[in-house]
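Please keep the structure in view while reading.

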Amino acid sequence: MTGDGSGLPADAVVRLRLVIGRLNRQMVRASGEQDLTAAQLSALARTEQHGPLRLGELAAREGVAVPSMVRTVTPLVAAGLIARTPDPLDGRSALLAPTPHGRDTLDRIRRERSALLARRSTRLTPDQCRQLEEALPLLELLLDEPDPPRPPAA
């Protein structure tokens, strides 16, 4: 830590980025039988977590434009991973929710990726495991997107 509240030193940021990126690629390979893009997997997981959702709601939660979400969701519907059903409150809209096949796919991917990390963690000493576990809340803080900086008051 730099000590002045400005975040990690540049070399630590690079190391953290590399570790996260490489671990992510290895976890993706661990669930190699799935042909889902990162965006598709995220959309599927988001519908499981918050669904059923309208397409616009899903796009907003994913931080993308509706046309992009249409391109992401269409193959998921075609593959039987997401069901599109009429919205009972608005006949012009549809609700998106994972199908049983979609839930099974998510469960399998999560199991395979967790198994990889579990296997890798056996190489650590008990003290290293404890340190890594204690660091999890800090890493989770990095997930939260802060509000954009405000311009200085005039």
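Helix axes are lines fitted to C-alpha atoms over the stretch in contact, and the angle between two of them runs from 0 to 180 degrees between N-to-C directions. The model is a predicted one, in which local features need pLDDT of at least 70, side-chain atom pairs count only at pLDDT 80 or more, and totals for chains, interfaces and linings use all residues. Residues are numbered from 1 along each chain as its sequence is written, and side-chain values use heavy atoms, with hydrogens and water left out.

Helix 2 and helix 4 pack at an angle of about 80°, and their axes are 9 Å apart. Angles under 35 degrees count as roughly parallel, over 145 as roughly antiparallel, 65 to 115 as roughly perpendicular and the rest as oblique; helix 2 and helix 4 are therefore roughly perpendicular to each other. Helix 2 contributes Ala-39, Gln-40, Ala-43 and Leu-44 to the contact, and helix 4 contributes Met-69, Thr-72, Pro-75 and Leu-76, where contact means heavy atoms within 4.5 Å. By class, this contact has six nonpolar, two polar and no charged residues. Ala, Val, Leu, Ile, Met, Phe, Trp, Tyr, Cys and Pro count as nonpolar, Asp, Glu, Lys and Arg as charged, and the others, Gly among them, as polar.

Helix 4 spans residues 66-78 and also holds Val-70. Val-70 has a relative accessible area of 36% and is partly exposed, a class that lies between buried (under 20%) and exposed (over 50%), using a 1.4 Å probe and protein chains only. Val-70 and Leu-55 are 15 residues apart in sequence, and their C-alpha atoms are 7.6 Å apart in space.

The chain as a whole has six helices and three strands, in the order α-α-β-α-α-β-β-α-α. Helices (H or I, at least four residues) and strands (E, at least two) are DSSP runs numbered from the N terminus. Of the 154 residues in the chain, 20% are buried.

The largest pocket has a volume of about 1900 Å³. A pocket is an open set of points on a 1 Å grid where a 1.4 Å probe fits, with protein on both sides within 12 Å along at least five of seven lines; lining residues have an atom within 4 Å of a point. The lining of the largest pocket has 39 residues, with Ile-20, Leu-23, Met-27, Leu-136 and Leu-139 nearest its centre. Helix 1 gives the largest share of this lining, 10 residues. By class, the lining has 23 nonpolar, six polar and 10 charged residues.

Conventions: Points joined across faces, edges and corners; volume = space filled by probe spheres on them.
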